[in-house]
Number of protein chains: 2
Amino acid sequence: MKNSLKFIALSGTTGVTENFYIYEYGNDMIIVDCGVGFPEHDMLGVDLVIPDFSYVKKNISKLRGVLISHGHEDHLGALPFLLKEIKTPIYSTKLVAGFIEDKFEDYGLPSPRVVVFDPERDVISLGVFKVAPFRVSHSVPDGVGFAIDTPEGKIFHVPDYKFDWTPVDGKPFDVTRMVSLATGGVLGVASDSLGSTTPGYTESEREIEGKLEEIIRKGKRRVYFTTISSNISRVQQALQVAARLGRKVSFVGKSIDRKAEIARNLGYLHYSKDLVIPAKQAAKLPIERVMYIISGSYGQPGSALYRVALGDHDFLKIEANDLVVFSSDPAPPGSKTNVDFVVDKLIELNADVHYYDVQEDLHVSGHGSQKDILMLFGLLKPKYFMPIGGTVRHMRSYSLLAQSIGADGRNVFELTPGEIVEFKSGLARLSGKVPTRNILVDGLGVGDVGNVVLRDRQVLARDGVAIVLLMFDGANRVLVADPEIISRGFVYENKEKEFLLRAGKDLRRLIESKKRIDGKLLKDESQDFLEKYFYAKTGRRPMVLPLIVEV
Amino acid sequence: MKNSLKFIALSGTTGVTENFYIYEYGNDMIIVDCGVGFPEHDMLGVDLVIPDFSYVKKNISKLRGVLISHGHEDHLGALPFLLKEIKTPIYSTKLVAGFIEDKFEDYGLPSPRVVVFDPERDVISLGVFKVAPFRVSHSVPDGVGFAIDTPEGKIFHVPDYKFDWTPVDGKPFDVTRMVSLATGGVLGVASDSLGSTTPGYTESEREIEGKLEEIIRKGKRRVYFTTISSNISRVQQALQVAARLGRKVSFVGKSIDRKAEIARNLGYLHYSKDLVIPAKQAAKLPIERVMYIISGSYGQPGSALYRVALGDHDFLKIEANDLVVFSSDPAPPGSKTNVDFVVDKLIELNADVHYYDVQEDLHVSGHGSQKDILMLFGLLKPKYFMPIGGTVRHMRSYSLLAQSIGADGRNVFELTPGEIVEFKSGLARLSGKVPTRNILVDGLGVGDVGNVVLRDRQVLARDGVAIVLLMFDGANRVLVADPEIISRGFVYENKEKEFLLRAGKDLRRLIESKKRIDGKLLKDESQDFLEKYFYAKTGRRPMVLPLIVEV
């Protein structure tokens with residue numbers, strides 16, 4: 001039987017992040033990207049979500065390597081978890097390799113084997129696959145897409161990208177190489193769909209710098225500039241503006257400090273040695289001669305900017321008319337409340353805050369909009385389309401875009417996690433699904449928090465817990481005391497002592513009206529009684545936990 | 001001593017909702033609006049937030065009445081709570097009075113006394129205050145602003161509004177009356193700031209209808225139309241479109257059904273009797289002859305649309321190519337995840353979904369944007385400015401707008417809840433603060449859930465609870481058994497039995513190594529030990545609750 005090519009969206013569709021795609025042909029398999037996801041709002045207490053590696057482990061003998069497209073968490077953050085379970089080489093550009101090594105160090109793990117490729121000329125042979133990377137533009141430098149040559153034809157895998165003709169690092173999307181790699185026809189494209197609901201073209205990163213300079217020039221006091229720490233180009237622009245305006249720069253916050261150091265060491269960030277000074281030294285300069293580049297652009301609790309905004313920072317503070325400039329993509333929906341909180345705190349301190357929903361728009365998206373997506377389609381002319389890196393609605397809009405230029409709707413695969421597209425003899429079809437589940441990371445635990453624990457947390461979060469202690473004389477089958485009820489997160493115990501005492505007494509009366517008391521009856525009756533009792537009296541449904549002590 | 005006018009933003013600044021403002025002069029006091037707020041993301045399990053009525057109760061002898069500006073929850077929803085505590089007349093337009101009565105019915109309360117005023121001619125005397133309402137445009141009909149004539153001068157109180165010259169009900173913002181009421185000069189304006197970060201003018205409601213008709217005309221199957229149930233004008237437009245396209249309309253969902261009925265009975269919604277039919281009857285028509293106007297535009301869990309999207313509705317379902325049109329303001333930040341969830345479910349059913357971030361923008365804001373705000377300023381030419389109905393950042397942007405047309409920044413009062421502006425001899429100044437707190441409504445409890453309970457819920461939500469039962473022989477001062485640990489929301493108990501057993505044994509060993517055991521030591525040591533133990537082993541910090549049973 002003839003082999004077929006399988007494309008598996010193991011995760012990374014429907015949820016924007018957690019990018020993890022598999023290409024499989026016969027005895028060969030490669031992975032593109034290995035990112036983390038962020039917990040949904042009902043995944044209480046969960047730190048991260050990572051892809052389900054079961055399918056990879058089952059087919060480990062086929063695995064030829066992992067290709068990483070760029071330096072964002074949702075494309076490389078799950079590598080430490082993968083590499084704890086299996087061994088495989090990683091392939092990436094130089095800057096991305098730097099970020100990967102840093103990530104492993106962060107987890108206290110030994111450096112993994114990263115093979116650095118050159119996106120201008122290298123072609124990587126991985127089993128039957130010949131993978132040619134090509135440069136794309138995005139909000140972190142040194143990102144690529146991949147032309148994957150397979151026995152069934154060429155698939156272009158293009159994660160996060162936009163067409164930026166005037167990028168800060170002077171290295172635009174390498175359209176020439178991509179188009180030449182496309183010679184001979186393109187079977188399919190798997191590409192970024194996140195911008196598919198945004199009209200027009202995405203603006204160039206370059207647009208920012210002039211606006212930034214204009215704003216900072218007006219600052220008569222301290223200047224705080226914040227962006228996502230991986231956005232090296234934005235940091236480069238901030239450095240250039242500072243240099244032109246005669247301000248020294250100080251990096252504040254571990255993440256931005258490390259990322260900048262890596263980028264500079266590898267030649268992706270350029271500034272003269274005396275421009276950047278330690279924060280302690282900056283504190284001695286006149287306040288109008290300093291710019292702080294500070295981490296926490298999404299208002300992350302505990303980040304440097306968060307602490308400054310709350311007046312909790314060791315050595316930095318914000319006073320009236322200090323300038324605070326936010327310059328990053330809009331926060332993901334889950335983080336919007338965090339950044340809003342920080343922005344409001346800064347405004348209360350009478351800082352002059354430049355945030356896109358206060359004044360001046362200083363962000364441009366890293367993702368191509370509708371016209372960028374159509375341009376990619378026009379350049380590649382693929383037969384099949386696979387939207388990635390978006391939600392269900394982005395995939396649908398992407399599909400509508402493809403259809404607007406004549407694609408057959410049946411040739412667009414809006415995949416849910418685990419779904420397989422099989423290519424055979426030039427034809428593609430949906431072909432089943434790899435079973436996958438969400439692997440939740442909570443503290444040190446990976447995968448041990450599941451639905452039961454989450455459901456319990458949801459109940460506890462909403463109405464708290466009431467523990468009822470029943471002292472039971474098993475021999476005589478009587479309660480030896482009133483049931484004692486302790487609650488947390490339900491009613492304010494100190495104030496409601498009387499209420500809980502009465503509930504205990506009422507419960508005892510009920511139990512003693514029963515003919516035959518045993519442990520099971522005690523447990524069931526008290527749970528049932530108290531749930532109804534509490535709901536009737538308070539309209540709340542705390543988790544009721546009976547504890548029976550035989551004495 | 002000469003009296004002064006006090007304006008107190010008791011709530012409704014910094015948090016958008018929960019509008020509640022007090023005007024006080026000598027022995028007279030009036031309230032403008034009495035709305036609910038919605039819980040912040042960290043107020044776990046809380047249903048509503050209502051204003052703190054303490055100040056009103058303390059000054060009850062001065063209270064002359066409550067004026068309600070329009071029919072939205074954040075302007076009238078707290079009336080049942082206020083009227084449970086005090087007696088006072090309510091003043092509003094006819095439609096708003098209908099909504100208020102409905103709300104009291106909903107709470108099972110007797111109808112309150114609502115005095116209906118005519119915004120085209122009435123002037124209401126409330127003690128020293130002469131209040132003249134005037135019509136404004138908003139996303140619910142029959143809304144007004146108030147010209148409040150006081151011994152100190154005129155304050156214009158203009159909550160949610162925009163300038164819509166082609167409103168659906170044919171009754172635009174009554175600029176003529178407002179301007180004539182402003183004759184003689186305006187001391188201050190307290191007005192809607194929510195649109196202050198949005199450039200330009202807000203579009204007219206009328207714009208929607210043409211787009212809507214175009215989309216629905218293409219629908220070959222069922223049509224579902226959803227908007228906020230109070231948006232009577234949008235419902236009117238949907239009805240008109242349905243009539244023109246030969247579709248019967250069926251209202252689905254209690255809230256939309258009731259609001260439409262009230263509006264029709266009071267003459268605010270017009271349609272011929274045979275246009276609207278019951279859902280059961282609609283089910284018998286060909287699917288291309290029906291339009292459902294359905295509640296749940298914010299994806300509210302349990303709403304009609306939510307249930308249809310999940311395939312849980314009694315008698316309605318959605319199939320491929322059914323049309324679903326969302327036409328309401330963007331959901332408040334906290335609801336975005338709800339509506340996204342519903343939209344994604346609908347797309348998965350292959351419905352043709354029209355939602356602003358999928359395709360076609362079918363909402364216009366009910367709030368004036370920057371140019372509308374500047375127009376209001378230009379028409380009233382107030383000396384003092386008080387932004388209301390927005391967050392800290394909206395107030396700041398509003399202040400920048402006022403300054404852009406020459407206002408002195410010191411004449412703009414960005415108030416935090418409770419702050420008092422005092423007007424005396426034509427001059428205004430900040431003059432202290434009325435102590436207020438958030439009154440949280442949780443189930444049947446009003447105000448009993450406070451910081452302690454919320455903090456407990458936050459801990460429980462993140463890492464769950466571990467209860468440790470210690471059986472203590474007080475006479476001999478020894479533990480009679482290994483401490484028993486029960487957990488919920490921490491680790492999956494069935495799988496982690498061994499882990500919890502071991503923790504109990506380790507705890508016993510520690511305790512028995514102590515010289516003198518007593519109840520307090522038991523409690524403190526086990527809490528301390530287990531907190532550290534669990535964090536070291538799992539990276540989590542569950543709430544540890546020791547229960548000591550003396551036997």
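This is a predicted model: local features need pLDDT of at least 70, side-chain atom pairs count only at pLDDT 80 or more; totals for chains, interfaces and linings use all residues.

Residues are numbered from 1 along each chain as its sequence is written, chains are lettered from A and ligands numbered from 1 in the order in which they are written, and side-chain values use heavy atoms, with hydrogens and water left out.

**Stop 1: where A meets B.** Select the residues in contact (heavy atoms within 4.5 Å): chain A gives 61 and chain B gives 61. Together the chains bury about 4900 Å², 61% of it on carbon and sulfur atoms; buried area is the accessible area (1.4 Å probe) that two parts lose on being put together, summed over both. Now pick Arg393(A), Arg396(A) and Arg540(A), which supply 14% of the area chain A buries against chain B, more than any other three residues.

**Stop 2: charges across the interface.** Zoom in on Asp448(A) and Arg540(B), whose side chains form a salt bridge at 2.7 Å, N to O. The rule (a side-chain nitrogen of Lys or Arg within 4 Å of a carboxyl oxygen of Asp or Glu) finds eight salt bridges across this interface. Next, colour H14(A), residues 451–463: this helix gives eight residues, the largest share of the side of chain A that touches chain B. Helices here are DSSP runs (H or I, at least four residues), numbered from the N terminus.

**Stop 3: the axis.** How does chain A superpose on chain B? A rotation of 180° with 0.0 Å of shift along its axis does it, at RMSD 0.2 Å, fitted by least squares on the C-alpha atoms of residues with pLDDT of at least 70 in both. The two copies are thus related as by a two-fold rotation axis. Click Ala461(A): in chain A its C-alpha is the nearest to the axis, 2.3 Å away.

**Stop 4: inside chain B.** Select Arg258(B) and Asp106(B), a salt bridge with its closest N and O atoms 3.3 Å apart. Arg258(B) sits in helix H8 and Asp106(B) in helix H4, 152 residues apart. Then try Asp408(B) and Arg410(B), bridged at 2.8 Å. Arg410(B) is exposed at 67% relative accessibility, while Asp408(B) is partly exposed at 32% (exposed is over 50%, buried under 20%, partly exposed in between; 1.4 Å probe, protein chains only).

**Last stop: a network.** Back in chain A, select Arg221(A), Arg222(A), Lys317(A), Glu319(A) and Asp322(A), which salt bridges link into a network.

Technical notes
Helices (H or I, at least four residues) and strands (E, at least two) are DSSP runs, numbered from the N terminus.
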